[in-house]
Amino acid sequence: MNHATKCIARICLTGCIALAAMWSLFAGGSKESAIKNGPTEIIWWHSNSGLLGQATDTLVQEFNETVGAERNIKVVPVFQGKAADVLTKLRAVMQSKNPADLPDIAQLDATGIIDVRSYERMIPMEVLMSEAGYDLSQLEPGAALSVTYKDTMIGMPFNSSTILLYYNKDAFRQAGLDPDRPPKTIEQMAEYAKALIVRNAQGKIERYGFAGVPTSYELCAWIGQQHGVSYLTDMRNGHDGDPTKVVFDEDGTMEVFLTEWKKLWDSGGLANLTSSVTQEFAAGKVAMIAASTSNLTTLLASIGDRFELGVAYLPMVVEGADSGVNVGGGALFAFDRGLQGHKEAVEAFIEFAVSAEQQLAWHVGTGYFPVNLGTYELEEFKAHTERNPLFQVAIDQLHDSDPRVQGVWIPSGYQVYYAFQNGIRDMLENNKSIPQTVQDLATEINKYISDYNRMNR
Amino acid sequence: MQSTPHRTIVSRHRRLSRIAPYLYFLPALALAVTFSLWPFFKTVVNSLSIVNLSGRIVEFVGLDNFRELSASGNFRDSLRNTFRFTAMFVPANILACLGAALLCYRKRRGTAFNELLFLLPMAVALSSAALIFKAMFNPTIGIVNWILGIDVDWFNDPAMAMFTLVALGVWLDIGLDFVLLLAALRNVPTQLVEAAAMEGANAWRKFFSIQLPMISPTLLFVVCTNVKDAMLISAPVMILTEGGPYRSTQTLVYQMYLEGFKSGNYTLGSTIGVVVFLLSVVMLLLLFRFEKRGVYYA
């Protein structure tokens with residue numbers, strides 16, 4: 001063998017050894033947590049960054065120092081990116097045959113529920129908590145129903161929010177509108193939007209009345225609040241099983257909504273923005289937006305004293321559609337990793353995380369509303385809402401809503417989200433008729449549903 | 001008899017040197033099989049089947065998936081967007097890189113500094129660059145509108161959103177392509193250029209008659225990699241526009257990501273993957289055809 005060949009052989013050998021070492025590293029990684037000495041380690045995959053991340057770390061630290069220390073449990077929070085990234089990684093583990101690689105707890109939003117709800121290693125939260133003697137009636141009913149599948153609460157509502165109307169009180173005053181009387185219906189919102197338009201010398205609009213293009217998020221409320229309670233799809237928005245088709249086309253709810261929405265567009269005060277809507281609002285370029293209650297903390301901070309912020313119930317689609325809004329956001333899901341003692345440890349942590357006191361801290365730190373009814377009785381909570389009356393509006397709206405109004409669990413959730421947005425914008429900007437829009441939306445979304453059902457019989 | 005041990009050594013030596021090449025080949029092959037060939041094969045099989053949420057094949061359906069895909073408006077949007085991006089990105093990128101290389105190829109004072117500036121984008125991670133562009137093009141607080149004194153809503157206007165993607169793409173690619181073209185330009189024999197200059201050729205004439213043909217092999221390589229990059233663009237879309245507004249920047253690979261990874265629709269994801277592969281191969285083959293006529297090898 002000449003020198004060059006030896007050299008290459010050595011490089012190859014080193015490469016092989018490196019590969020083998022990496023392999024053993026991966027293989028060893030999964031066994032690591034099974035080693036039974038020291039505290040039981042509970043892995044929690046979450047998607048909380050920024051203010052939320054800080055609140056998460058505080059919560060975990062408090063648990064580890066109190067209950068955790070007593071019961072020899074250590075919770076390890078692992079930030080996995082956005083909610084969708086948590087799901088992508090979870091899906092990969094679910095497809096492998098290695099349950100020990102699962103997290104003990106994963107925080108998911110509505111788009112992830114389809115994946116986990118029938119997964120055999122998911123421990124339904126209701127079962128987990130009831131076995132430990134936890135009383136589920138202390139939970140906010142709307143929040144509990146938002147993660148209920150076939151009458152079982154499968155996850156623990158945790159970062160719960162609803163949609164809310166945000167408006168610029170100073171702009172209202174300028175336009176001669178009463179800042180304490182926000183619009184009650186979409187039709188009224190159209191009148192307000194028209195009055196709120198500000199044009200520059202060239203006639204270009206500098207401030208719009210309202211901005212946004214409705215997606216599944218807004219429609220769960222605007223469709224859901226009609227006729228008592230309505231749903232976008234059959235199976236009660238997928239909470240009773242796999243949806244087989246949309247129903248908004250048959251029961252006329254979408255037509256009602258689009259008719260009202262068209263009025264808003266015809267007022268000239270609607271901007272079809274899909275990107276940085278809250279930033280535009282904070283910059284004063286838009287006078288009203290509909291967004292999650294969880295934006296309240298951030299919006300208050302970014303507006304500063306530029307203008308006075310007002311919040312109100314989401315306007316009703318029409319007079320009388322008063323069932324309110326659904327609970328959105330995320331929930332905690334527990335998984336059986338096949339490790340001893342983990343189930344009890346997970347229960348202990350979740351019980352701690354949704355206790356009245358911790359939910360208060362979580363609410364104050366993040367703006368998500370407390371999911372424990374006990375929080376509302378705390379003196380500290382009352383003092384906090386008195387200082388920050390805007391938070392009270394969000395909570396009142398939740399309590400005035402029918403808990404049966406539900407978010408939608410639908411396959412290809414992202415595509416459906418954009419389908420609504422594109423369909424509605426198409427109707428507004430390209431003058432498509434309302435019945436045609438309803439039909440096209442139904443056809444497109446039904447295709448996603450039937451594709452899914454064909455794949456997952 | 002005495003020569004036996006020697007002979008064994010020799011024959012062992014020979015045997016080893018015969019197997020050796022295959023051994024060297026093995027690590028590369030293992031990596032290729034694990035990370036490219038097997039996934040590729042699996043994608044093709046999946047595209048001909050119905051795959052469930054757990055990634056298992058439920059049914060073999062032949063070309064049904066492709067038929068359904070061609071009827072989908074969503075897919076046609078992605079296809080149109082991908083071609084639109086390629087048609088804008090490739091010429092813009094070639095012009096920018098070639099322009100930069102032409103500015104720098106003659107060694108003068110300050111050239112090294114200029115080179116460094118053009119190389120700098122290579123040192124910036126894609127996601128950081130995308131986030132910076134997102135801030136720069138922000139309609140209200142972004143520097144682009146401020147400097148140009150305009151009020152363009154970059155990410156809410158379909159035409160403008162595509163433009164920001166192209167701008168980001170060019171900026172990200174400029175480093176490597178610039179180096180390649182710069183090296184090629186410097187390899188053009190000076191006597192040819194000087195001779196042409198003495199014959200009275202102006203700068204254009206020198207460029208089109210001497211430099212361009214001389215760098216054409218490198219240029220072909222750059223165009224090919226650009227076309228491939230453009231056809232496969234997804235990461236900048238993911239960070240900068242998320243396919244919006246109204247799917248106007250949803251490219252094929254981004255749709256594949258949405259369907260396959262975000263929605264767990266492996267059937268559709270794999271089918272789109274195969275289509276992207278075929279389209280890219282066809283485009284590259286067309287470019288190679290051009291090689292025979294348009295590329296000059298000295």
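These notebook entries record what I looked up in a predicted model with chains A and B.

**Entry 1. Confidence in chain A**

I began with the pLDDT of chain A, which averages 90. In that chain, 92% of the residues score at least 70. I then turned to residues 24–35 of chain A, where the pLDDT is below 50. Beyond near neighbours in sequence, that stretch has 6 contacts in the model.

**Entry 2. Domains of chain A**

I looked up the domain assignment of chain A. Domain 1 covers 36–160 + 328–377, and domain 2 covers 163–325 + 403–455. Their C-alpha centres lie 30 Å apart. I next asked how many residues of domain 1 of chain A are in contact with domain 2 of chain A. On the domain 1 side, α5 (110–116), α7 (141–146), β5 (148–149) and β14 (328–335) of chain A each supply at least two residues. I sorted that side of domain 1 by class and recorded 9 nonpolar, 8 polar and 1 charged residues.

**Entry 3. Nonpolar cores**

I recalled that nonpolar side chains tend to be buried together in soluble globular proteins. I therefore searched the model for its largest nonpolar core, which has 132 residues under the joining cut-off of C-beta atoms within 7 Å. Which members of this core touch the most other members? They are A:Tyr166, A:Phe210, A:Met288, A:Ile289 and A:Phe349. Domain 1 and domain 2 of chain A each contribute at least three residues to this core.

Leaving aside residues up to four places away in sequence, A:Phe349 touches A:Ile42, A:Phe63, A:Ile73 and A:Val75. I also noted a second, separate core of 49 residues. Its members include B:Cys97, B:Met214, B:Leu219 and B:Ile272.

**Entry 4. Overall form of chain B**

I counted the elements of chain B and recorded 12 helices and 2 strands. From the N terminus, their order is α-β-β-α-α-α-α-α-α-α-α-α-α-α. Along the principal axes, the C-alpha atoms of chain B fill a box of roughly 90 × 65 × 35 Å. Of the 298 residues in chain B, 32% are buried. I also examined contacts in chain B between residues at least 6 apart in sequence, and 69% of these join residues at least 24 apart.

**Entry 5. Domains of chain B**

I found chain B divided into domain 1 (3–47) and domain 2 (72–294). The C-alpha centres of these two domains are separated by 38 Å. In chain B, 4 residues of domain 1 are in contact with 6 residues of domain 2. The side of domain 1 of chain B that touches domain 2 has 1 nonpolar, 3 polar and no charged residues.

**Entry 6. Where chain B meets chain A**

I tabulated the contacts between the chains: 28 residues of chain B are in contact with 32 residues of chain A. On the chain B side, α1 (3–47), β1 (49–51) and α11 (252–262) each supply at least two residues. Which of the elements of chain B gives the most to this side? That element is α1(B), with 6 residues. I divided the chain B side by class into 14 nonpolar, 12 polar and 2 charged residues.

**Entry 7. The loop between α10 and α11 of chain B**

I found a cis peptide bond joining B:Gly244 and B:Pro245, with omega about -10°. B:Pro245 is in the loop between α10 (235–240) and α11 of chain B.

B:Glu242 also has its place in the loop between α10 and α11, and its phi is positive, near 50°. Is B:Glu242 buried or partly exposed? I classed B:Glu242 as partly exposed because it has 17 C-beta neighbours inside 10 Å.

B:Arg247 is likewise found in the loop between α10 and α11 of chain B, with a positive phi near 60°. I noted that 23 other C-beta atoms lie within 10 Å of B:Arg247, so this residue counts as buried, the cut-off being 20 or more.

Definitions and conventions:
Residues numbered from 1 in each chain as written. Chains lettered and ligands numbered in written order. Predicted model: local features only at pLDDT ≥ 70, side-chain atom pairs only at ≥ 80, totals over all residues. Contact = placed C-beta atoms within 7 Å. Helix = DSSP H or I, 4+ residues; strand = E, 2+ residues; numbered from the N terminus. Nonpolar A, V, L, I, M, F, W, Y, C, P; charged D, E, K, R; others polar. Domains from an automatic or database assignment. Buried ≥ 20, exposed ≤ 12 C-beta atoms within 10 Å, placed from the backbone. pLDDT = per-residue confidence, 0-100.
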